[in-house]
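Here is a short note for a colleague opening this structure for the first time. Please read the points with the model on screen.

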Amino acid sequence: MTKKNNLINKTDREFRAFRSFELKELRSEEGERQDYVHGVPVVFNTPTCLFEYEGVKFYEQIDRHAFDNCDMSDVIFNYNHGGRVAARIRNNTLKLAINDVGMEMDAFLGGTQFGRDLLEDIRGGYIDKMSFAFVVAEDGEEYDQATHTRTITRIKKLYDVSAVDIPAYDTTSISARDFFSEEYEKEKRALEQAKLREICIAKSKI
């Protein structure tokens, strides 16, 4: 794999919303309702197609050790990354756990009216997906030209995990689009230069 040296939009916050990441209400062993929800906002080493451009598919995956030195001191749980807090690390209403598969989350939503309303939407099945907001560390990503896959190897800061209604890359992945656009342009220029060299060599043999 070839490392990327110059990051695009270094300070930009990136958002990811994978359709397979479910958000569910937690119940007691007796089936009683509780004020907790459980979710999996991040799955490791699972390439996901972010974009397709000119017939080329671009993928991204999160490395197992991407969160090893990540700042997760005050992550919040909210809705659609809107900023209104339903749970947070700092007051122990949000807990995050990293394992070999990914990141799991448990959030207590009974502390505020906003949290209780959000819980009812989750219970009703109106909201059942998750997203997360983060910043990639400097030199914290690699790109494989052969597979068009970006691997995020190191995340500097995790800002929030969010319940989302429509996980849409089109509106939340500007930084990722910039990254892939630059890499794709590099690949095209390299191909064009290779073709020119072939033409020059062929002409020199005439």
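1. Start with burial. Buried means under 20% relative accessible area, exposed over 50%, and partly exposed in between (1.4 Å probe, protein chains only). At 2% relative accessibility, Glu141 counts as buried. Arg150 is buried too, with a relative accessible area of 1%.

2. A word on the model. This is a predicted model, in which local features need pLDDT of at least 70 and side-chain atom pairs count only at pLDDT 80 or more, while totals for chains, interfaces and linings use all residues. Residues are numbered from 1 along each chain as its sequence is written, and side-chain values use heavy atoms, with hydrogens and water left out.

3. Next, the charged pairs. Side chains of opposite charge can pair when their charged atoms come close. A salt bridge here is a side-chain nitrogen of Lys or Arg within 4 Å of a carboxyl oxygen of Asp or Glu. The structure holds 11 of them.

4. Which residues are linked in a network of salt bridges? They are Glu14, Arg16, Glu60, Glu141 and Arg150. Between Glu141 and Arg150, the closest N and O atoms are 2.4 Å apart. Arg150 also forms a salt bridge with Glu60, at 2.7 Å between the closest N and O atoms. Arg150 lies in strand S13 (residues 149-152) and Glu60 in strand S6 (residues 56-62), so this pair ties together parts that are 90 residues apart in sequence. Strands (E, at least two residues) and helices (H or I, at least four) are DSSP runs, numbered from the N terminus. Both Arg150 and Glu60 are buried.

5. Look also at Arg90 and Asp74. Their side chains meet in a salt bridge (3.3 Å, N to O). Arg90 lies in the loop between strand S8 (87-88) and strand S9 (94-98), and Asp74 in the loop between S6 and strand S7 (76-79), so the pair ties together parts that are 16 residues apart in sequence. Arg90 is exposed, with a relative accessible area of 61%.

6. Finally, Asp165. This residue sits in the loop between strand S14 (155-164) and helix H2 (169-172). At 33% relative accessibility, Asp165 counts as partly exposed. Leaving out residues up to four places away in sequence, Asp165 touches Tyr79, Asn80 and Ile127; contact means heavy atoms within 4.5 Å.

7. The side chains of Asp165 and Tyr79 are joined by a polar contact of 2.5 Å. Asp165 makes another, side chain to side chain, with Asn80 (3.3 Å). A polar contact is a pair of N or O atoms within 3.5 Å; within protein, one must be able to donate a hydrogen and the other to accept it, and residues adjacent in sequence count only if both atoms are side-chain atoms.
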